[in-house]
Amino acid sequence: MVEHARIFYLEDDPDSKRLLQGQLIKACHEVVLESETFEEALQKISRIEEIGVNVVILDGNLGPWSRDCRDGILINAEIKKHHPTLTVIANSTSAEPGFGDITIRKGHLTELLEAIRNIQDTPTI
């Protein structure tokens, strides 16, 4: 079980980001890598192992023009190509975003924190 998550958090909405980050800190988790755009996310995937990320929280739409969770689907595929055992939590307004190992809808903070606690701590390799 993950007691202290080292999180790669991908979210473009500042209000969602602020709310979730506050709850993660209270639960003794740490956001160690962040991205707000699709392009930035792709660049930062190479740092996952170096920084010791053990959980990814990924929004499906990283920009105001994106509404079909395509960003999340493509970023998830890229993460899994390099880190197949790393748990990706889809954190989207969509009930079925089409990506991630676990889906927790935005705003369901208690469920998200519980999901993080229940993840088996696995190496990112």
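Buried residues are those under 20% relative accessible area, exposed ones are over 50%, and partly exposed ones lie in between (1.4 Å probe, protein chains only). The model shown is predicted, with local features needing pLDDT of at least 70 and side-chain atom pairs counting only at pLDDT 80 or more, while totals for chains, interfaces and linings use all residues. Residues are numbered from 1 along each chain as its sequence is written, and side-chain values use heavy atoms, with hydrogens and water left out.

**View A. Strand 1 and its cover.** Four of the five residues of strand 1 are buried, which leaves this strand mostly covered; helices (H or I, at least four residues) and strands (E, at least two) are DSSP runs, numbered from the N terminus.

**View B. Strand 1 and its partners.** Strands pair if DSSP finds at least two bridges between them. Strand 1 runs parallel to strand 2 (residues 30-35), joined by five bridges, and Leu10 has Ser35 of strand 2 as its bridge partner. With strand 3, strand 1 pairs in the parallel sense over four bridges, and there Ile7 is partnered by Val55.

**View C. The largest nonpolar core.** A nonpolar core is a set of buried Ala, Val, Leu, Ile, Met, Phe, Trp, Tyr and Cys residues joined through side-chain atoms within 4.5 Å. The largest has 19 residues, and among those touching the most other members are Phe8, Leu10 and Ile75. Elements giving two or more residues to this core include strand 1 (6-10), helix 4 (70-82) and strand 4 (87-90). A second, separate core of 16 residues includes Ala5, Ile57, Ile116 and Ile119.
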